[in-house]
Amino acid sequence: MQWKRHGTGFVFSVVFVASYFTNKFVLSVLKFTYPTLFQGWQTLIGAVLLLACVKLGWLEMSHINRSAALSWLPGSLLFVGNIYAGSRALSHMDIPLFFTLQNSSHVVSYVIGKVIHRQSVRWLKFISVCLMFLSAINLPMNDPGFDLTAYQWAAAHLVCVGSYRVFQVNHRASSLSDIEQQCMNYVCSVLLLAAAAHPTGDLMGALEFPSLQSHSFLCGCCISALMGFLLLLVSVKIKSGLSTEHLKVWMFVAKVTAMSLSPFIFYTDINALSLACVITSHCGEALLLYSERDSK
C-alpha cells in the first residue's frame with residue numbers, strides 16, 4: 001500500500017514538471033504569447049477528454065443542475081483569471097521566480113480567511129505567510145531580468161489563485177465533486193477565452209506566428225493539453241485515495257524538482273539575492289505545510 005502511495009505521488013511530480021516545462025517551452029522558447037488561444041486549446045482538450053472518460057465510465061460525474069452551476073460560476077471566473085494571467089506571467093519569467101510569486105497566493109488566502117471568515121491566528125502559519133510575503137515583495141528589487149508587465153500579470157495570477165483556494169474551501173454547493181467543478185471550469189474557460197481571442201488581437205497574431213506549422217509547436221501544444229488533463233486525474237486520485245494534505249506535499253516536491261531542473265533546460269537569470277528570495281519563500285511554504293499538519 002505504501003509503495004502505491006509513493007508511486008501515485010511520483011507520477012504526479014513527473015506530470016507536474018512535464019506540464020510546466022512544456023508550457024514554458026511553448027510560451028518562452030517558441031514565444032507563442034497568445035494565452036486566449038493557448039489556454040483555450042488546453043481547456044478545450046481537457047473538456048473533451050473529461051467528457052470522453054465520463055462517457056466510457058472511467059470517471060463518475062453527475063448531472064450539474066442550474067443552481068449548482070450558478071453557485072460555482074465565481075470559481076470558474078477565478079480559474080479563467082488564474083490560467084490567463086499565469087500564462088502571461090510565465091512567458092516572461094523564470095520558473096523559480098514564477099513559483100516564488102505564486103507562493104504568495106497563500107498571503108491572499110490568509111488575508112481573505114482572516115478578514116471575511118474570521119479565522120483564528122496560528123503563529124506558525126502566520127510566520128510562514130510572512131516569509132512568503134517578504135520574499136515576494138523583495139523579489140522584484142533583486143530580479144536581474146525584472147519585467148514590470150510580467151510582475152503585474154503575476155500579481156493578478158496570485159490573487160486569482162489565492163481567492164480560488166478560499167472559494168473552493170468555503171463553497172456551499174458541496175454536491176459538486178472535484179471532477180464536476182473542473183468540468184465547469186473547462187466549459188467556462190473555453191467560452192470566455194474563445195470570445196476574447198479576437199478582441200485581444202491573439203487570433204490575428206497567431207495567424208502570423210512563424211512556427212505555426214512546425215512540428216515542435218504542434219507537439220508542444222498537444223503535450224501541454226494532455227499533461228494538463230493527466231495532472232487533473234492524478235490530483236483527484238491522490239485526494240480521493242489519500243488526502244488533500246498529501247496532494248499539497250507532493251505539489252511542493254514537484255515544484256522544488258521543477259525549480260531545480262529548470263536552469264538545465266531553460267535560460268535562467270538569477271543572482272544570489274533573488275535565489276535567497278526563492279529559498280526563503282519555499283521554506284515558508286514548507287513551514288505552512290507543517291503548520292497545517294500540526295493543527296490537525
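These legends accompany a few close-up views of a predicted model.

View 1. Welcome to the first stop, Gln42, which sits in helix α2, residues 35-55. Gln42 counts as buried because its relative accessibility is 13%, under the 20% limit. Which side chains make polar contacts with that of Gln42? One is the side chain of Asn23, at 2.8 Å, and another is the side chain of Ser224, at 3.2 Å. Leaving aside residues up to four places away in sequence, Gln42 touches Asn23, Ser224 and also Ala225.

**View 2. Helix α2 from end to end.** Stepping back from Gln42, here is the helix that holds this residue. Helix α2 has 21 residues, and the distance from its first C-alpha to its last is 29 Å, close to the 30 Å expected at 1.5 Å a residue. Its buried residues are Pro35, Thr36, Phe38, Gln39, Gly40, Gln42, Thr43, Gly46, Ala47, Leu50 and Cys53. After α2 comes Gly57, and the phi of Gly57 is positive, near 85°.

**View 3. Cys188 and the sulfur closest to it.** Is Cys188 buried or exposed? Cys188 counts as buried because its relative accessibility is 12%. The closest cysteine sulfur to that of Cys188 belongs to Cys183 and lies 11 Å away, so the pair is too far apart for a bond. A disulfide here would need the two sulfur atoms within 2.5 Å.

**View 4. Cys222 and the sulfur closest to it.** Cys222 counts as partly exposed because its relative accessible area is 45%. How far is the sulfur of Cys222 from the closest cysteine sulfur? That sulfur is in Cys219, at 6.7 Å, and this is too far for a bond. With the 2.5 Å cut-off, the model has a count of 0 disulfides. As a friendly reminder, a disulfide is a covalent bond between the sulfur atoms of two cysteines.

**View 5. Glu292 and Arg122.** The last stop is Glu292, placed in helix α12, which covers residues 272-294. Glu292 counts as buried because its relative accessibility is 16%. Also in this view is Arg122, which is 170 residues from Glu292 along the chain.

Conventions: Residues numbered from 1 in each chain as written. Predicted model: local features only at pLDDT ≥ 70, side-chain atom pairs only at ≥ 80, totals over all residues. Heavy atoms only, no water. Helix = DSSP H or I, 4+ residues; strand = E, 2+ residues; numbered from the N terminus. Buried < 20%, exposed > 50% of the residue type's maximum accessible area, 1.4 Å probe, protein only. Polar contact = N/O pair within 3.5 Å; in protein donor to acceptor, adjacent residues only side chain to side chain. Contact = heavy atoms within 4.5 Å. Expected span 1.5 Å × (residues − 1).
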